[in-house]
Amino acid sequence: MEVIRFDECNVNMGPPDGMTEEEVETIPVHVGKFENGMPCTTVCLKLSDAELAEVQRTGVVWLQLMTPRMPPIYMSVLKPFEEPQPEKAPACGSLVMPEAGAPFHCGDAGTADGEVRLCDPCKARQPGGG
Ligand SMILES: [Zn+2]
C-alpha cells in the first residue's frame, strides 16, 4: 500500500518525536475535525494490483498501529470529503414550448425529484452540458 496525496491534504506529517525520516516517512495528510469536534487525521492508501488481487481473494485488510492501544479508527473505501460541485449556470426563465408535454419556464422544478427543467441553451451552459 502506498500513501497518496489527495486534494484536501493540508499537512505533511513527519515522523513522531524521537523517530527519524528513515524510520517513519513523512506523509501527506488532512488534519481537521469530525462533525462532533473530535480531531481527525485522514490519510489515503492506494493498493497495488497485487494487493487488490489479495483483497479480492481474502476479503480482509490488516492494520497495525505503533501505539499501545487501538484508537478509534474509521476505514472506508469512500472518500470522506464532499466533492466540490461545479457551479451551475443560472436559468434564463424564458418560456419553453416543448414538442411534447406542457409549456414551462426555464428553471422551473420538473417532475423528477430535485430536477430543474431548462431550455436547450441553458442546458448547454451547465457544467458537463452541451
Ligand atoms: Zn433558459
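Residues 24 or more positions apart account for 32% of the contacts in the chain, counted among those with a separation of 6 or more. Two residues are taken to be in contact if their C-beta atoms, placed from the backbone, lie within 7 Å. Please keep in mind that this is a predicted model: local features need pLDDT of at least 70, side-chain atom pairs count only at pLDDT 80 or more, and totals for chains, interfaces and linings use all residues. Residues are numbered from 1 along each chain as its sequence is written.

Let me turn to the overall dimensions. The radius of gyration of the chain is 24 Å, whereas a compact globule of 130 residues would have a value near 14 Å. That radius is taken over C-alpha atoms, and the globule rule is 2.2 Å times the number of residues to the power 0.38. Along the principal axes, the C-alpha atoms fill a box of roughly 70 × 35 × 25 Å. The chain is divided into domain 1 (2-58) and domain 2 (95-129), with bounds that come from an automatic or database domain assignment. Their C-alpha centres lie 44 Å apart.

How much of the chain is buried? Buried residues make up 2% of the 130 residues. Here, a residue is buried if 20 or more other C-beta atoms lie within 10 Å of its own, exposed if 12 or fewer, and partly exposed in between, with C-beta atoms placed from the backbone.

Next, the secondary structure. The chain has two helices and seven strands, in the order β-β-β-β-β-α-β-β-α from the N terminus on. Helices (H or I, at least four residues) and strands (E, at least two) are DSSP runs, numbered from the N terminus.

I now come to the sheet. Three strands form an open sheet in the order S2-S3-S4, with antiparallel pairing. Its edge strands are S2 (11-13) and S4 (39-42), each of which pairs on one side only. From one strand to the next, the twist averages 45 degrees; axes are lines fitted to C-alpha atoms, for helices over the stretch in contact, and angles run from 0 to 180 degrees between N-to-C directions. Two strands are said to pair if DSSP finds at least two bridges between them. In general, strands of a sheet pair through backbone hydrogen bonds, either parallel or antiparallel.

Strand S2 and strand S3 (residues 27-33) are joined by three bridges in the antiparallel sense, and Asn-12 stands opposite Pro-28 in S3. On the loop between S2 and S3 we find Pro-16. This proline is exposed, because 10 other C-beta atoms lie within 10 Å. The C-alpha atoms of Pro-16 and Thr-26, 10 residues apart along the chain, are separated by 9.6 Å.

Between S3 and S4 there are four bridges, again antiparallel, and His-30 has Thr-42 in S4 as its bridge partner. These two strands form a hairpin with five residues between them, and Gly-37 in the turn has a positive phi of about 90 degrees.

Which residues does Lys-46 touch, leaving aside those up to four places away in sequence? They are Met-1, Glu-2 and Ile-4. Lys-46 belongs to strand S5 and counts as exposed because it has 10 C-beta neighbours inside 10 Å. Its C-alpha atom is separated by 6.6 Å from that of Ile-4, 42 residues away along the chain.

Ser-48 occupies the loop between strand S5 (44-46) and helix H1 (49-58). Is this serine buried or exposed? With 10 C-beta neighbours inside 10 Å, Ser-48 counts as exposed. The C-alpha atoms of Ser-48 and Glu-2 are 7.9 Å apart, although 46 residues separate them along the chain.

Finally, helix H1. Of its 10 residues, the number buried is zero, so H1 lies largely in the open. Just after H1, Gly-59 takes a positive phi of about 75 degrees.
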